[in-house]
Amino acid sequence: MDLQAKKIALRKIPHGVYVVGVKQDRELNAFTATWLTQVSFTPPLVALGIKKDSHSFEMIKRDRVFSVNLLGKHQKPIAEHFVKPATVLGEKLKEVRYRLGRTGVPLLEEAIAYVECEVREIANEQGDHAVVIGEVVEAGVHKDEPALTLTDTGWHYGG
Ligand SMILES: Cc1cc2nc3c(=O)[nH]c(=O)nc-3n(C[C@H](O)[C@H](O)[C@H](O)COP(=O)(O)O)c2cc1C
């Protein structure tokens with residue numbers, strides 16, 4: 001395989017940029033994610049690719065709930081903040097306004113919209129990222145406007 005072609009082709013898959021909120025008991029965390037897509041209408045399911053060695057994956061495996069916070073076009077700085085690992089930055093949510101959702105996960109006050117999900121399945125034994133399939137059990141819209149995409153940020157995650 002032409003590895004350069006593989007990289008360029010995979011990076012052409014369009015993606016959004018989200019802040020995924022997680023919890024484990026009373027600990028909260030959130031991280032920037034882009035590998036997310038809807039995978040069923042009924043029930044409403046989303047699939048999230050999550051790094052197996054991240055702190056958030058440990059948390060998601062335990063409490064089996066997560067939020068997806070959608071950002072507006074000018075909210076790249078929020079995504080930038082949540083890229084850093086909790087192990088380096090400590091309490092990432094401390095400078096950010098949020099409330100707890102119905103499932104106890106953090107919902108960013110500044111996000112344009114959100115969904116809350118309960119984990120139904122965790123797959124992808126081979127990969128360096130697990131695929132977490134979550135059922136959307138709650139949703140809200142703060143501002144009905146276009147969402148931030150990976151292309152808007154100029155970043156890459158993939159290839
Ligand atoms: C543009 C971009 C997209 C990212 N997308 C994902 C993703 O889809 N899934 C994931 O697990 N990590 C993704 N990351 C990496 C996480 O944001 C990063 O590993 C974070 O530090 C994890 O936080 P935690 O260790 O506090 O859980 C992405 C990073 C960047 C820069």
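Author: Helices (H or I, at least four residues) and strands (E, at least two) are DSSP runs, numbered from the N terminus. This is a predicted model, so local features need pLDDT of at least 70 and side-chain atom pairs count only at pLDDT 80 or more, while totals for chains, interfaces and linings use all residues. Residues are numbered from 1 along each chain as its sequence is written, and side-chain values use heavy atoms, with hydrogens and water left out.

Reader: Let's start with the hairpin. How many residues sit between strand 3 and strand 4?

Author: Strand 3 covers residues 36–40 and runs antiparallel to strand 4, with 4 bridges joining the two. Within that pairing, Q38 stands opposite V46. The number of residues between the two strands of the hairpin is 4.

Reader: Which peptide bond is cis, and what is its omega?

Author: Look at the loop between strand 3 and strand 4, where you'll find P43. The cis bond joins T42 and P43, and its omega is about -5 degrees.

Reader: Over how many bridges does strand 4 pair with strand 9?

Author: Strand 4 is mostly covered, with 6 of its 7 residues buried; buried means under 20% relative accessible area, exposed over 50%, partly exposed in between (1.4 Å probe, protein chains only). On the strand 9 side, L48 stands opposite V132. The two strands pair in the antiparallel sense, and the bridge count is 7.

Reader: Which residues have the most contacts inside the largest nonpolar core?

Author: A nonpolar core here is a set of buried Ala, Val, Leu, Ile, Met, Phe, Trp, Tyr and Cys residues joined through side-chain atoms within 4.5 Å. The largest one has 19 residues, and those with the most contacts inside it are V20, L48, I50, I60, F66 and V132.

Reader: What does I60 touch, leaving aside its neighbours within four places in sequence?

Author: Contact means heavy atoms within 4.5 Å. By that rule, I60 is in contact with V22, L48, I50, V65, F66 and V132.

Reader: On to the ligand. Which of the residues around it are the closest?

Author: A residue is near a molecule or strand if one of its heavy atoms lies within 4 Å of it. On that basis 21 residues surround the ligand, and the closest are T32, K51, S56, V83 and A86.

Reader: How much of the ligand does the protein bury?

Author: Start with the polar contacts (pairs of N or O atoms within 3.5 Å; within protein, one must be able to donate a hydrogen and the other to accept it, and residues adjacent in sequence count only if both atoms are side-chain atoms). Ligand oxygen atoms lie 2.8 Å from a backbone N or O atom of T32 and 3.1 Å from a polar backbone atom of P85, while a ligand nitrogen is 3.3 Å from an N or O atom in the side chain of Y157. Taken alone the ligand exposes 640 Å² (Shrake-Rupley method, 1.4 Å probe; for residues, only the protein chains shown count as cover). The share of it that the protein buries is 92%.

Reader: Is S56 buried or exposed?

Author: S56 sits in helix 2. Not counting residues up to four places away in sequence, S56 touches V22, N29, F31 and I50. Since its relative accessibility is 3%, S56 counts as buried.

Reader: Which residue makes a polar contact with the side chain of K23?

Author: K23 lies in strand 1, and because its relative accessible area is 17%, it counts as buried. Among the residues K23 touches are L28, M59, V65 and T103. The side-chain polar contact spans 2.7 Å, and the partner is D63.

Reader: Why does D25 count as exposed?

Author: D25 is in the loop between strand 1 and strand 2, and it has a positive phi of about 55 degrees although it is not a glycine. It counts as exposed because its relative accessibility is 57%.

How values were computed:
Pairing = 2+ DSSP bridges.
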